[in-house]
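Biologist: I'm new to this one and would like to learn how to read it. Could you walk me through it, one feature at a time?

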Amino acid sequence: MKAKIIIGSLIVIQILAIMFTTQFLSLSNQPYDTVAFVPQGLSQTPTNDFSQNEKFEFKPDYEESFVISDVNFLLINSLSSLVMILGVVKLLKNENNKKIKTEKLAIIGELSSRIAHDMRNPLSVIQMTLENFKSQYPLSKEQEKQFEKINRSIFRITHQIDDIWDFVKSPTTEKKNCSLAYLLQESLRRINIPASIKIRLPPDDCEILCDDEKTIVVFVNIFINAIQAFENDGNIWVSFDSNKNWITVKIEDDGVGIDPKILDRIFEPLITTKQTGTGLGLSCCKSIMESQGGLIKASNRPKKGSVFTIHFSK
């Protein structure tokens, strides 16, 4: 709809430009009376009063000036037509690309939801079997390390399935007052945190108006992105601020940061720099926050690391 309005406006502007040019050219081609251009003092003096040598003819060179103006207006009109055509072509190309991308995402979403549904049950069986095996048989330290690797792999797959489900589902929210401390603690409880990574939560608490389960999904995604951004050890800081309109939560880390090439597109679907990521997690976070009347932004810290700023509307 927006593209149609822009194209219509460009066409109207071009038609007006053509009408104005045509009108001007028709006026410029009309014959002019040379007497009208004679200075007033000379026009009131009879020509008989001049001697033969003093008589002269006044022929202003307006024809050449009008030819120059005609060329200029034709040139301007041609350039404006060319610019309009190029603009319309580019606009139509962008709209076509958006349509193709939307159709692809719809197909990916439908296919992914089916795959995710089929994978959930086998993963649950594998995880329950491993837990039963660990509880029934004594394990050596080496075996415990191997089981821990399996658990991490299961968690990674489960998280990716959750990303797909959250992306495919239409975000519906049931907002209520929630403790920020509870939301953060519950988010951390759902992820595996390496011992080399320190997470510092705010000492104080506040209440935010949100959908608690959906907001936990947002925090989980951001924490996991931060953890995966560390090469070895690292730190994550959580802080919050409040004013009359917003409660703002900041999650900062001193990891590798966000690639500047994709920083402006970090919340678009299928945008990721991780080999193990789906590219849907942050897009899902943006959708959830917008459905709650909030905002989420990403930036890089001045020296090292990234910052995710989450605004909850009061």
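This is a predicted model: local features need pLDDT of at least 70, side-chain atom pairs count only at pLDDT 80 or more; totals for chains, interfaces and linings use all residues.

Modeller: Strand 6 and strand 7 are antiparallel partners, joined over 6 bridges. Helices (H or I, at least four residues) and strands (E, at least two) are DSSP runs, numbered from the N terminus, and two strands pair if DSSP finds at least two bridges between them. Residues are numbered from 1 along each chain as its sequence is written, and side-chain values use heavy atoms, with hydrogens and water left out.

Biologist: Which residue is the bridge partner of Ala298 in strand 7?

Modeller: Strands of a sheet pair through backbone hydrogen bonds, either parallel or antiparallel. Here, Ala298 has Phe308 as its bridge partner. The hairpin of strand 6 and strand 7 has 5 residues between the strands, and Gly305 takes a positive phi near 100 degrees there.

Biologist: What else does strand 7 pair with, and how many bridges are there?

Modeller: Strand 5 pairs with strand 7 in the antiparallel sense, over 7 bridges. Val249, for instance, has Ile310 as its bridge partner in strand 7.

Biologist: Is strand 7 mostly covered or uncovered?

Modeller: For burial, look at relative accessible area: buried means under 20%, exposed over 50%, and partly exposed in between (1.4 Å probe, protein chains only). In strand 7, 7 of the 8 residues are buried, so by that definition the strand is mostly covered. Across the protein, buried residues make up 30% of the 314 residues.

Biologist: What is the strand order in the whole sheet?

Modeller: The order is 2-4-5-7-6, in an open sheet of 5 strands with mixed pairing. Strand 2 (197-200) and strand 6 (295-300) are the edge strands, each pairing on one side only. From one strand to the next, the twist averages 15 degrees. Strand 2 and strand 4 (residues 234-242) run parallel, with 4 bridges joining them. Among those strands, Ile199 has Ile236 in strand 4 as its bridge partner.

Biologist: Which strands does helix 6 touch?

Modeller: Contact means heavy atoms within 4.5 Å. Helix 6 packs on the sheet and touches strand 2, strand 4, strand 5 (246-253), strand 6 and strand 7 (306-313), and its direction makes about 170 degrees with that of strand 7. Axes are lines fitted to C-alpha atoms, for helices over the stretch in contact, and angles run from 0 to 180 degrees between N-to-C directions.

Biologist: At what angle do helix 5 and helix 6 pack?

Modeller: Helix 5 (residues 180-189) and helix 6 (residues 212-228) pack at about 55 degrees, with their axes 9 Å apart. That makes helix 5 oblique to helix 6: angles under 35 degrees count as roughly parallel, over 145 as roughly antiparallel, 65 to 115 as roughly perpendicular and the rest as oblique. Residues that meet there include Leu184 in helix 5 and Phe219 in helix 6.

Biologist: And how far apart are the axes of helix 6 and helix 7?

Modeller: Those axes are 9 Å apart, and the two helices pack at an angle of about 145 degrees. In helix 7 (residues 281-291), the buried residues include Leu282, Cys285 and Ile288. Just after helix 7, Gly293 takes a positive phi of about 80 degrees.
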